[in-house]
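Below is a set of questions and answers on one protein model. Each answer works from the geometry to the value or name asked for.

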Amino acid sequence: QVQLVESGGGLVQAGGSLRLSCAASGRIFSINVMGWYRQAPGKQRELVATITSSGSTNYADSVKGRFTISRDNAKNTVYLQMNSLKPEDTAVYSCNANVWATVTMVNDYWGQGTQVTVSS
């Protein structure tokens, strides 16, 4: 089994910054893609950013130029640096990891989510 533990959420004023972290632990052979998703009240969950094990990144248009995703493969940890935050960034942010437990066994895992609230 694999656990993803997020940290770093909170309340911040518009224009401020936050850094989210998500550490994976458990039965891990390797991790392919890691990513951040968010869900605002009354809305569907949406992709924020993803990063592959080799460092290729992908961002939602709404966060390009403001958010940066990175990862430390040695620590099985993914980060999301969020700058120039806007009230519309308010949501529960969850991390996701595509984990190979063995060379033949792969599953997707989710963290419990961390609240990010941006006040105007």
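**Strand pairing and side-chain contacts**

Q: How many bridges join strand 4 to strand 5?
A: In this predicted model, strand 4 covers residues 30–39 and strand 5 covers residues 46–51. The two run antiparallel, and the number of bridges joining them is 5.

Q: Which residue in strand 5 does Trp 36 stand opposite?
A: Strand 4 (residues 30–39) and strand 5 are joined by bridges and run antiparallel. In strand 5, the residue opposite Trp 36 is Ala 49.

Q: Which residue takes a positive phi in the hairpin of strand 4 and strand 5?
A: This hairpin has 6 residues between the strands. A positive phi near 80° is found there at Gly 42.

Q: What is the bridge partner of Thr 50 in strand 6?
A: Strand 5 is joined to strand 6 (residues 57–59) by 3 bridges, and the two run antiparallel. Their hairpin has 5 residues between the strands, with Gly 55 at a positive phi near 100°. Within strand 6, the partner of Thr 50 is Asn 58.

Q: Which residue in strand 8 is the bridge partner of Arg 19?
A: Strand 3 pairs with strand 8 (residues 77–82) in the antiparallel sense, over 6 bridges. The charged end of Arg 19 sits over the ring of Tyr 79, 4.1 Å from its centre. The bridge partner of Arg 19, however, is Gln 81.

Q: Is Cys 95 buried or exposed?
A: Buried requires under 20% relative accessible area. Cys 95 has 0% relative accessibility, so Cys 95 counts as buried.

Q: Is the pair of Tyr 37 and Trp 110 stacked or edge-to-face?
A: A search of the whole structure finds 1 aromatic pair. The ring centres of Tyr 37 and Trp 110 are 5.1 Å apart. Their planes meet at 65°, and planes over 60 degrees apart count as edge-to-face. The pair is therefore edge-to-face.

Q: How far from the centre of the ring of Trp 110 is the charged end of Arg 45?
A: Trp 110 lies in strand 10 (residues 106–110) and counts as partly exposed at 36% relative accessibility. The charged end of Arg 45 sits over this ring, and its distance from the centre is 3.8 Å.

Note on methods
Residues numbered from 1 in each chain as written. Predicted model: local features only at pLDDT ≥ 70, side-chain atom pairs only at ≥ 80, totals over all residues. Heavy atoms only, no water. Buried < 20%, exposed > 50% of the residue type's maximum accessible area, 1.4 Å probe, protein only. Pairing = 2+ DSSP bridges. Helix = DSSP H or I, 4+ residues; strand = E, 2+ residues; numbered from the N terminus. Phe/Tyr/Trp six-rings, centres within 6.5 Å; stacked < 30°, edge-to-face > 60°. Lys NZ or Arg CZ within 6 Å of the ring centre and 35° of its normal.
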